[in-house]
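Subject: Structure for your review

Dear colleague,

Please find below the structure that I am handing over to you. My findings follow directly after it.

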Amino acid sequence: MDQNATIAQEEIFGPVLAVLNYDSEDEAVAIANNSQYGLHGSVFSGDDGHAVAVARRIRTGSVDINGAGAGFYSPLGGFKKSGIGREAAIEGFDAYVEMKSIGLPAAYAETFA
């Protein structure tokens with residue numbers, strides 16, 4: 001699939017899956033960031049720390065790591081045309097701040113305690 005195709009560029013809601021091939025991690029991040037939108041993303045990896053490093057490079061308002069969501073009390077919102085500002089959490093009051101939430105698997109999160 002061409003990374004500039006409509007399905008790869010727009011926020012399409014519903015049971016839809018777009019699959020794009022890439023040759024390197026840098027290319028995968030570039031493809032993920034090659035959109036006018038940035039609501040949500042996911043990173044899957046056997047190395048949680050590496051997944052977090054990749055998640056930090058993706059321009060979306062939230063990123064799940066290995067299926068772990070950011071949590072109910074995390075701010076919600078996107079980057080770019082997906083919105084300015086956040087809903088929920090204290091960050092909901094900061095209408096012009098771009099915050100990022102990264103969902104961490106519990107075992108990895110415990111390493112920060």
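**The sheet and its strands**

Strands β3 and β5 pair in the parallel sense, over three bridges. One of the residue pairs involved is V63, whose bridge partner in β5 is I102. Please note that the model is a predicted one.

On the β2 side, four bridges join β2 to β3, which covers residues 62–65, and these two strands also run parallel. Within this pairing, H40 stands opposite S62 of β3, and S42 has D64 of β3 as its bridge partner. Taken together, the three strands form an open sheet in the order β2-β3-β5, with parallel pairing. Its edge strands are β2 (40–43) and β5 (101–103), each of which pairs on one side only. From one strand to the next, the twist averages 20°.

The residues of β3 deserve a separate remark. S62 and D64 point one way from the strand, V63 and I65 point the other way, and all are buried.

**The helix on the sheet**

Helix α3 (residues 48–57) packs on the sheet and touches β2, β3 and β5. The direction of α3 makes about 165° with that of β3.

**The nonpolar core**

Which residues form the largest nonpolar core? There are nine: V29, V43, A51, V52, V54, A55, I58, V63 and I65. Both α3 and β3 supply at least two residues of this core, and α3 gives the most to it, with four residues. In soluble globular proteins, nonpolar side chains tend to be buried together.

V43 illustrates how this region is connected. Leaving out residues up to four places away in sequence, V43 touches A51, V54, A55, I58, V63, D64, I65 and N66. Among these contacts, A51, V54, A55, I58, V63 and I65 are themselves listed in the core, as is V43.

Is G38 buried or exposed? G38, which lies in strand β1 (residues 37–38), has a relative accessible area of 3% and is therefore buried, the cut-off being under 20%. Apart from its neighbours within four places in sequence, G38 is in contact with E11, R59, T60, G61, G78, F79 and S82. For T60, the C-alpha to C-alpha distance to G38 is 4.1 Å, although the two residues are 22 apart in sequence.

**The chain as a whole**

The protein chain contains four helices and five strands. Along the sequence, these elements follow the pattern α-α-β-β-α-β-β-β-α. Of the 113 residues in the chain, 27% count as buried. The chain exposes about 7,300 Å², and carbon and sulfur atoms supply 55% of that area. Among contacts between residues at least 6 apart in sequence, 46% join residues at least 24 apart.

Yours sincerely

Key. Residues are numbered from 1 along each chain as its sequence is written. This is a predicted model: local features need pLDDT of at least 70, side-chain atom pairs count only at pLDDT 80 or more; totals for chains, interfaces and linings use all residues. Side-chain values use heavy atoms; hydrogens and water are left out. Two strands pair if DSSP finds at least two bridges between them. Axes are lines fitted to C-alpha atoms, for helices over the stretch in contact, and angles run from 0 to 180 degrees between N-to-C directions. Contact means heavy atoms within 4.5 Å. Buried means under 20% relative accessible area, exposed over 50%, partly exposed in between (1.4 Å probe, protein chains only). Accessible areas come from the Shrake-Rupley method with a 1.4 Å probe; for residues, only the protein chains shown count as cover. A nonpolar core is a set of buried Ala, Val, Leu, Ile, Met, Phe, Trp, Tyr and Cys residues joined through side-chain atoms within 4.5 Å.
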